[in-house]
Amino acid sequence: MEKIEISKLFKDSGMQTTLRRATFDRLQIRPQVNYRGRTQDEVFFQKQDGANVEFEVVRRMDFEPEGVFEITAVYTVRRALNDEYVGQDVDFRELLRTLTANDFNMLCGNVFSSMSLIISQLTLASNGVPMVSPPVYCGIAAKAE
């Protein structure tokens with residue numbers, strides 16, 4: 001499949017974002033343990049409805065080893081296709097596999113900034129110190145096998 005530029009695939013004005021859910025779980029903090037925080041972002045194709053395409057954007061923050069907190073924010077991003085791509089057979093799942101971090105930021109607009117704000121608000125309410133996550137796409141951290 002020839003790579004399609006995100007800037008040409010979607011209309012600039014045709015984006016809707018919706019917060020679907022945010023979860024925050026405080027976990028035990030053990031003394032003498034050094035925790036390493038991690039942020040992971042994933043974008044999933046949900047559906048195409050005529051000229052509109054819907055994606056789910058998920059940000060997870062947690063710690064290794066398990067402790068402190070786990071937080072997840074999930075948004076839906078709905079984009080309108082440019083007229084020239086309406087009716088074409090675009091494999092959006094495959095397209096997502098080829099995108100760079102900059103492409104994801106363009107695809108999802110300000111969703112990552114909104115996620116950062118939600119996470120900051122929830123952690124501020126929990127312990128009085130806001131945890132500010134990156135306002136841009138972070139990708140997936142390497143998972144230990």
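Author: The place of Pro65 is in the loop between strand 3 and strand 4. The model is a predicted one. The peptide bond leading from Glu64 to Pro65 is cis, and its omega is near -5°.

Reader: Which other residue has its place in the loop between strand 3 and strand 4?

Author: Val68 is placed in that loop. Its phi is positive, about 70°, although Val68 is not a glycine.

Reader: What makes Gln32 count as exposed?

Author: The relative accessible area of Gln32 is 81%. Exposed means over 50%, so Gln32 is exposed. Gln32 sits in the loop between strand 1 (10–26) and strand 2. Its phi is near 65°, a positive value in a residue other than glycine.

Reader: Why is Ser116 called buried?

Author: Ser116 has a relative accessibility of 7%. The cut-off for buried is under 20%, so Ser116 counts as buried. Ser116 is found in helix 4, which covers residues 111–127. Leaving aside residues up to four places away in sequence, Ser116 touches Arg59, Val132, Ser133, Pro134 and Pro135.

Reader: How do you know that Cys108 is in no disulfide?

Author: The nearest cysteine sulfur to that of Cys108 belongs to Cys138 and is 12 Å away. A disulfide needs two cysteine sulfur atoms within 2.5 Å, so Cys108 is in no disulfide. Cys138 is in no disulfide either, with the sulfur of Cys108 as its nearest, 12 Å away. By this rule the count of disulfides is zero.

Reader: Are Cys108 and Cys138 buried, exposed or partly exposed?

Author: Cys108 has a relative accessible area of 0% and is buried. Cys138 has a relative accessible area of 33%.

Reader: What makes the pair of Phe104 and Tyr137 stacked?

Author: The structure holds nine aromatic pairs. In the one formed by Phe104 and Tyr137, the ring centres are 4.3 Å apart and the planes are at 20°. Centres within 6.5 Å make a pair, and planes under 30 degrees apart count as stacked, so Phe104 and Tyr137 are a stacked pair.

Reader: Which parts does the pair of Phe104 and Tyr137 tie together?

Author: Phe104 lies in helix 3 and Tyr137 in the segment after helix 4, so the pair ties together parts that are 33 residues apart in sequence. Both Phe104 and Tyr137 are buried.

Reader: Which residues form one aromatic cluster?

Author: Phe10, Phe45, Phe55 and Phe92 form one such cluster.

Reader: How many residues are in the largest nonpolar core?

Author: That core has 26 residues, and those with the most contacts inside it are Leu9, Phe10, Val43, Phe55, Phe92 and Leu107. Among the elements that each supply at least two residues of this core are helix 1 (6–9), strand 2 (36–49), strand 3 (52–64) and helix 2 (92–98). Strand 4 gives the most, with four residues. Apart from this core lies another, of six residues, including Tyr35, Phe63, Ile71 and Ile119.

Reader: What does Leu107 touch, not counting residues up to four places away in sequence?

Author: Leu107 touches Ile6, Phe10, Met15, Val43, Phe55, Val77, Arg79, Leu96 and Leu99.

Definitions and conventions: Residues numbered from 1 in each chain as written. Predicted model: local features only at pLDDT ≥ 70, side-chain atom pairs only at ≥ 80, totals over all residues. Heavy atoms only, no water. Buried < 20%, exposed > 50% of the residue type's maximum accessible area, 1.4 Å probe, protein only. Contact = heavy atoms within 4.5 Å. Core = buried A, V, L, I, M, F, W, Y, C linked by side-chain atoms within 4.5 Å. Phe/Tyr/Trp six-rings, centres within 6.5 Å; stacked < 30°, edge-to-face > 60°.
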